[in-house]
Amino acid sequence: MFLIDEPVAKERARQMNPVVLAFVGDAVYTLCVRQRLALGSGEKTGALNRRASEKISAHGQSESLSRILPLLTQEEEDVYRRGRNAKKPTKSKNASVGEYVRSTGFEALVGYLYLTGQAERIGELFFPEEEA
């Protein structure tokens, strides 16, 4: 897993707009998924892209969220809820409203964990099969 040079203090990250956290989280999660697919498969880019899209989509993130919700700390739940409930400037073209708001919360959580230097926690929550 990769880390930023200097983690942001949790208090500062909690004060950030949750949509901005989701903006960062979207990029981080996309990179993590693509990295794992590229390193764990001999597939061609077309197949890799299809598999990544399934995981990265609002629908895929919403499904992953269902699995990890019971594992979240109170702090992580708070970040997720802030992201889920945030006013977003766009609407999803390919997901239900419920999936879209859940995926925004999901991405906000990833962004928060990344910015606060908790890359290991991202791995524990979102890629547990690789922790063994």
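**Pockets, then the core**

Mentor: By class, six nonpolar, one polar and five charged residues make up the lining of the second largest pocket. Here Ala, Val, Leu, Ile, Met, Phe, Trp, Tyr, Cys and Pro are nonpolar, Asp, Glu, Lys and Arg are charged, and the others, Gly among them, are polar. Keep in mind that this is a predicted model, where local features need pLDDT of at least 70 and side-chain atom pairs pLDDT 80 or more, while totals for chains, interfaces and linings use all residues. Residues are numbered from 1 along each chain as its sequence is written, and side-chain values use heavy atoms, without hydrogens and water.

Trainee: What counts as a pocket here?

Mentor: On a 1 Å grid over the protein atoms alone, it's an open set of points where a 1.4 Å probe fits, with protein on both sides within 12 Å along at least five of seven lines; lining residues have an atom within 4 Å of a point.

Trainee: Which residues lie nearest the centre of the second largest pocket?

Mentor: Y29, K55, F126, F127 and E129, out of 12 lining residues. α2 gives the most to that lining, with four residues. Helices here are DSSP runs (H or I, at least four residues), numbered from the N terminus.

Trainee: And what's the volume of the largest pocket?

Mentor: About 440 Å³, taken as the space filled by probe spheres set on the grid points, which are joined across faces, edges and corners. Closest to its centre, among 20 lining residues, are D26, A58, Y100, S103 and E107. α2 (18–40), α4 (58–68) and α6 (97–115) each give two or more residues to the lining.

Trainee: Switching topic: how many of the residues in α7 are buried?

Mentor: Six of eight, in a helix that spans 119–126. Buried means under 20% relative accessible area with a 1.4 Å probe, protein chains only. The six are A119, R121, I122, G123, L125 and F126, and they pack against α2, α4, α5 (74–85) and α6.

Trainee: Which residues have the most contacts inside the largest nonpolar core?

Mentor: I122 and F126, in a core of 31 residues. Such a core is a set of buried Ala, Val, Leu, Ile, Met, Phe, Trp, Tyr and Cys residues joined through side-chain atoms within 4.5 Å.

Trainee: What is F126 in contact with?

Mentor: Leaving aside neighbours within four places in sequence, F126 is in contact (heavy atoms within 4.5 Å) with Y29, R67, I68, F106, L109, V110 and L113.

Note on methods
Buried means under 20% relative accessible area, exposed over 50%, partly exposed in between (1.4 Å probe, protein chains only).
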